[in-house]
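Subject: Structure handover

Hi there,

Here is the structure I promised to pass on to you.

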Amino acid sequence: MGRLSVNLCGIEIDNPVIPASGTFGYGYEFAEIYDINCLGTFSFKGTTKEPRFGNATPRIAETASGMLNAVGLQNPGVEKVIREELPKLKNVFHKPVMANVSGFSVEEYVYTSKLLDAEEQVGWIELNISCPNVHGGGMSFGTDPTEAAKVTKAVKAEVKKPLIVKLSPNVTDIVSIAKAVEAEGADGVSLINTLMGMRFNLKTRKPIIANVTGGLSGPAIFPVALRMVYQVAQAVKVPVIGMGGISSAEDVLEMMMAGATAVEIGAANLVNPAICRDIINELPEVMDKYGYEFR
């Protein structure tokens, strides 16, 4: 057990740094830049039962200290992920990977989770009930404690791997939702997903993003994410994965101080594709500077 290692829902990982779903694909593209086995693990691209093309373009808009995205869960569908993506990933990543699952009904969440749970490479199921950019799915489960509990209970009954539920920040009381999914068997929670936002094109006087609204990510949301992680970590006994605007080793320590067991790094990967590697390398020095050790 090394200095940076942490235990995430019963699985020991070498360090707490995890690239977030939607910003790291299925891993092998980043393996061309650096050895991704230095990561604790990573959460691969949000996967649904059926293939999805995603939302219409434009899907991305820059903002001060962040970005808006409305990609819309573009993915090839779970069967193709298992048949084509995971074998390619196995060639470059030799640790358990986190499978991010989304859906439009309880039945779809269960179907996709059950298939991925059976894959040897998958260490955790991350149940995304918080995507704000898909009409009729994802976040409709994540904004209501009863619905969040229902989908958690259904999936937990069908999977053997640790189940981590990804929570939405676009709610009045995120703590009540965290407690609801914990009560129905969630082995951990991850938060936050993106905050709803929008931008206008001053020349056309229309929203820049075709979806009208998108999810705000990047350093702008870090203080909000930190506050929510702190509140949830105080209220639940299961591990918490903190994310939202992390872009430095110092940010990682703040998240850990707020109660996170591990962290996910999202938008920063799009600015510097090697940011996770760099943060892992910098962590020991920053920990020494502040006299901090992981629990």
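To start, where is the place of S43? S43 sits in the loop between β3 (17-19) and β4 (60-63). Please keep in mind that this is a predicted model. S43 counts as buried, at 0% relative accessibility. Leaving aside neighbours within four places in sequence, its contacts are I18, P19, A20, S21, M98, N100, E126 and E264.

The largest nonpolar core holds 88 residues, and L167, L191 and L283 touch the most other members. The element that gives the most to this core is helix α9 (residues 275-290), with seven residues. As for L167, if neighbours within four places in sequence are left aside, L167 is in contact with I129, S130, I174, I177, A178, V181, V189, S190, L191, I192 and N193.

Helix α9 is also where I279 is found. I279 counts as buried, with 1% relative accessibility. Not counting residues up to four places away in sequence, I279 touches V17, S247, S248, A249, V252 and I265. I279 and S248 are 31 residues apart in sequence, but their C-alpha atoms are 6.0 Å apart in space.

Q121 lies in the loop between α2 (106-117) and β7 (122-128). Is Q121 buried or exposed? Its relative accessible area is 16%, so Q121 is buried. The side chain of Q121 reaches the backbone oxygen of L86 at 2.9 Å. Beyond its neighbours within four places in sequence, Q121 is in contact with L86, P87, L89, K90, K95, P96 and V97.

How many disulfides are there? The count comes to zero. Two cysteines show why. The closest cysteine sulfur to that of C9 is in C276, 19 Å away, which is too far for a bond. For C276, the closest cysteine sulfur is in C38, at 8.1 Å, again too far for a bond, because a disulfide needs the two sulfur atoms within 2.5 Å. Both cysteines are buried: C9 has a relative accessible area of 17%, and C276 is at 0% relative accessibility.

Finally, a few backbone details to look at. Most residues other than glycine have a negative phi, and most peptide bonds are trans. Here, a cis peptide bond joins T57 and P58, with omega about 0 degrees, and P58 has its place in the loop between β3 and β4. Another cis peptide bond joins L191 and I192, with omega about 10 degrees; I192 lies in the loop between β9 (188-191) and β10 (195-197).

Positive phi values occur at L73, near 60 degrees, and at R205, about 60 degrees. L73 is in the loop between β5 and α1 (78-90) and is buried, with a relative accessible area of 12%. R205, found in the loop between β11 (200-201) and β12 (206-207), is exposed, with a relative accessible area of 72%.

Happy to talk any of this over.

Best wishes

Notes. Residues numbered from 1 in each chain as written. Predicted model: local features only at pLDDT ≥ 70, side-chain atom pairs only at ≥ 80, totals over all residues. Heavy atoms only, no water. Helix = DSSP H or I, 4+ residues; strand = E, 2+ residues; numbered from the N terminus. Buried < 20%, exposed > 50% of the residue type's maximum accessible area, 1.4 Å probe, protein only. Polar contact = N/O pair within 3.5 Å; in protein donor to acceptor, adjacent residues only side chain to side chain. Contact = heavy atoms within 4.5 Å. Core = buried A, V, L, I, M, F, W, Y, C linked by side-chain atoms within 4.5 Å.
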